[in-house]
Amino acid sequence: MTQQPHAPQSSAGTTAAPTPAPGPGPTPTEAAWAAGGVVFAGVLMLMNGVLAILQGISLLADDDVWARVGDYVYKINHTGWGVILLCLGALAAVTGAFILRGAAWARMTGIFLASLSMLAQFLFLPYAPVWSVIMIGIDFFVIWALAVYRPQGQARA
């Protein structure tokens, strides 16, 4: 009998059962990065929410704080922006807190709210261009981190 170099032989002359190949799930390193990313996304959502609340309050309090940089097709007054950012900020802060607690529903809600925040920041570009671009990047990271995270024990669909 010819011995194969890759098949281990037991003392009785029979080959040992091969180890099953790992499933389609992430490697432990990928899982650790995704878990760290979702915690960071939760913190970013919480802080993004608090900052949006403060931004909304400043828009409601005094119209002289924010100046329009250029002339754009869409125009929303400062009171409208204040209400929009206040509501989105409160929802984002609560959702970020629940993401940190590990609620499954909060991840999907977080993706939805980060998408809305990304759209709102795009529309807010005439008032604060640099800030809006930074917040769009943060929202993009939050969406990515929440979308790739797979809790342990949950298989890919």
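Val 142 touches Ala 41, Leu 44, Met 45 and Ala 114, leaving out residues up to four places away in sequence. Touching, or contact, means heavy atoms within 4.5 Å.

This is a predicted model, in which local features need pLDDT of at least 70, side-chain atom pairs count only at pLDDT 80 or more, and totals for chains, interfaces and linings use all residues. Residues are numbered from 1 along each chain as its sequence is written, and side-chain values use heavy atoms, with hydrogens and water left out.

**Overall fold**

The protein has four helices and zero strands. Its pattern along the sequence is α-α-α-α. Helices (H or I, at least four residues) and strands (E, at least two) are DSSP runs, numbered from the N terminus. Of the 157 residues, 30% count as buried. Buried means under 20% relative accessible area, exposed over 50%, and partly exposed in between (1.4 Å probe, protein chains only). Among contacts between residues at least 6 apart in sequence, 68% join residues at least 24 apart.

**The core**

The largest nonpolar core holds 23 residues. Such a core is a set of buried Ala, Val, Leu, Ile, Met, Phe, Trp, Tyr and Cys residues joined through side-chain atoms within 4.5 Å. Met 45, Trp 81, Ile 99, Phe 124, Val 142 and Leu 146 touch the most other members.

**Helix 3 against helix 4**

Helix 3 and helix 4 pack at an angle of about 160°, with their axes 9 Å apart. That makes helix 3 roughly antiparallel to helix 4. Axes are lines fitted to C-alpha atoms, for helices over the stretch in contact, and angles run from 0 to 180 degrees between N-to-C directions. Angles under 35 degrees count as roughly parallel, over 145 as roughly antiparallel, 65 to 115 as roughly perpendicular and the rest as oblique.

Helix 3 contributes residues including Gly 110, Ala 114 and Met 118 to the contact. Helix 4 contributes, among them, Trp 131, Asp 139 and Val 142.

**Asp 139**

Asp 139 lies in helix 4. Asp 139 counts as buried because its relative accessibility is 1%. Beyond its neighbours within four places in sequence, Asp 139 is in contact with Asn 48, Ala 114, Ser 117, Met 118 and Gln 121. Asp 139 and Leu 113 are 26 residues apart in sequence and 9.0 Å apart in space, C-alpha to C-alpha.
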